[in-house]
Amino acid sequence: MGYTGLARWINAPTTSIELIHQNIIRNHQGQYKGKWSLSIRSYRSTLSSIPRYQVHAERSMCTLTMNDNVFVLLEDPAAPMHSEYHQKAAELAQTQPGVHLPPPAHYRHTFPTLGPPGALEQLLAQLRARWVSVRQAGGSGAAGGAAGGGQKGQGTGTGQQLTVDGHVYSIGTDWLVRAGNVHLAGGAVKGMFLEAEYLPLPTMPTRANERGETDLQFLLSNLLLSVLPNVPDARIVAVTIGDAQWEEILWEEPEEDEEKDKSGKQGADGDDDDIYASEGDLPPVRKGDWIGVERDRRSAFLIIGALKQEGLL
């Protein structure tokens, strides 16, 4: 798995999948690899329905099921971001030496990975958790959840479900391309997602390095544009976020990073005298690499963010 770029074709026609299929097979000598299927659900917290319980901002939860993993994005607008907390802690340490700012109970974004699919819904039901679907059919579930006061069957339900259904293709040995239509809960098609994965690179800088060299994201954008059919008035946007936002979402405490660095150095010190590379020598996996579940995790966050920005979640 490698670095991935994502694009959103907002006004894609219903024939877009077939058009992309023909373009990849005929013009890029691509090969069909299989189905691409995602399931997205959205929930909201009902803590505000508890008598005499003050909630400063409503919390939200979105889940995306990809293969055997469920990526859960919880957002609490009233909680601080990691960067905000550490900035305040540093300011407090300067103004009042020896005084430490206690960490919050949780941060604004929490992004765990769960499995198997369906386990989260079972857990919510067993705990009688105060989460209900954002747009349940008929609204009866949400009303029941607010009035039920935590009783069994309060309306956790299955959440608003969107699906992404499409196909996966390989182009040569370096590229994987995924294309899928976005289906709303009622069955209507709302555009499509197009994803290109460059297998040789596990990471790619999004800003210029110290020598002023620009990044290589044009590789991804050029490929995505080349596989898109020539359709008039197509509205296509790139789905991306900056390094600072990735650091916030994929935050790891410094202590964890230091332990990983130490263990990596200890493992590398044993063969310093060996100047020849052996067959089993591979570069170490670094924080930020788009590999395995981490690649899927980043892809899930981008897709959830794009759908939330359009108001579909």
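Reader: What percentage of the 313 residues of the protein count as buried?

Author: This is a predicted model in which local features need pLDDT of at least 70 and side-chain atom pairs count only at pLDDT 80 or more, while totals for chains, interfaces and linings use all residues. Residues are numbered from 1 along each chain as its sequence is written, and side-chain values use heavy atoms, with hydrogens and water left out. Buried means under 20% relative accessible area, exposed over 50%, and partly exposed in between, with a 1.4 Å probe and protein chains only. Of the 313 residues, the share that counts as buried is 37%.

Reader: How many helices and strands does the secondary structure of the protein come to?

Author: Helices (H or I, at least four residues) and strands (E, at least two) are DSSP runs, numbered from the N terminus. On that basis the count is 8 helices and 11 strands.

Reader: Why is S9 largely enclosed by the rest of the structure, and which strand do 8 bridges join to S9?

Author: S9 is largely enclosed because 8 of its 9 residues are buried. Two strands pair if DSSP finds at least two bridges between them. Val-177 stands opposite Ala-196, and in the hairpin, with 5 residues between the strands, Gly-187 takes a positive phi near 105°. The antiparallel partner joined to S9 by 8 bridges is strand S10 (residues 189-198).

Reader: Which residue takes a positive phi in the hairpin of S3 and S4?

Author: This hairpin has 2 residues between the strands. The positive phi is near 60°, and the residue that takes it is Asn-67.

Reader: How far apart in space are Gly-34 and His-167, C-alpha to C-alpha?

Author: Gly-34 lies in strand S2 and counts as buried because its relative accessibility is 17%. Leaving aside neighbours within four places in sequence, Gly-34 is in contact with Gly-166, His-167 and Val-168. Gly-34 and His-167 are 133 residues apart in sequence, while their C-alpha separation is 5.8 Å.

Reader: Is Ser-299 buried or exposed?

Author: Ser-299 is placed in helix H8. Apart from neighbours within four places in sequence, Ser-299 is in contact with Met-66 and Glu-195. With a relative accessibility of 1%, Ser-299 counts as buried.

Reader: What is the volume of the second largest pocket?

Author: On a 1 Å grid over the protein atoms alone, a pocket is an open set of points where a 1.4 Å probe fits, with protein on both sides within 12 Å along at least five of seven lines; lining residues have an atom within 4 Å of a point. Grid points are joined across faces, edges and corners, and a volume is the space filled by probe spheres set on the points. For the second largest pocket this comes to about 430 Å³.

Reader: Which element gives the most to the lining of the second largest pocket?

Author: Of the 22 lining residues, the closest to the centre are Ile-241, Phe-301, Gly-305, Ala-306 and Gln-309. Strand S4 (69-75), strand S11 (236-239), helix H6 (243-249) and helix H8 (293-309) each supply at least two residues of the lining. The most, 7 residues, comes from H8.

Definitions and conventions. Contact means heavy atoms within 4.5 Å.
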